[in-house]
Amino acid sequence: MLAADPAEVRHKFEVPDRHCARVGRDPLEITRTVFAPPPGELDAFAASARSWATAGADGAVVIRPSDPGLIPAIGQILGDVFPG
């Protein structure tokens with residue numbers, strides 16, 4: 001699990017891919033998640049979530065937002081971006 005911009009996420013996901021190739025393991029067996037700070041603005045959070053998915057993330061773990069009322073909207077965004 002990691003938190004980073006999309007280019008860094010992609011780079012860090014390449015590291016286990018190389019190790020998997022070296023030992024003959026399917027890298028798709030590894031769940032890739034991003035550790036995300038609580039969103040300040042939901043549209044920006046949705047854009048970030050889409051960029052993490054494009055970079056190879058399977059999901060995100062979000063730190064508890066200061067406004068618990070945002071939790072349903074955050075869940076909806078993550079459910080839309082990471083439906084699996």
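A salt bridge is a side-chain nitrogen of Lys or Arg within 4 Å of a carboxyl oxygen of Asp or Glu. The model is predicted, so local features need pLDDT of at least 70 and side-chain atom pairs count only at pLDDT 80 or more, while totals for chains, interfaces and linings use all residues. Residues are numbered from 1 along each chain as its sequence is written, and side-chain values use heavy atoms, with hydrogens and water left out.

**Exercise 1.** State how many salt bridges the structure holds, and describe the pair Glu8 and Lys12.

Solution. Step 1: the count is three. Step 2: the side chains of Glu8 and Lys12 meet at 3.2 Å, N to O. Step 3: both residues belong to helix H1 (residues 6-23), four residues apart, about one turn of the helix; helices are DSSP runs of H or I with at least four residues, strands are runs of E with at least two, and both are numbered from the N terminus.

**Exercise 2.** Describe the salt bridge between Asp17 and Arg32 and classify the accessibility of each residue.

Solution. Step 1: the closest N and O atoms of Asp17 and Arg32 are 2.4 Å apart. Step 2: the pair links distant parts of the chain, with Asp17 in helix H1 and Arg32 in the loop between H1 and strand S1 (33-36), 15 residues apart. Step 3: buried means under 20% relative accessible area, exposed over 50%, and partly exposed in between (1.4 Å probe, protein chains only). Step 4: Asp17, with 30%, is partly exposed, whereas Arg32, with 10%, is buried.
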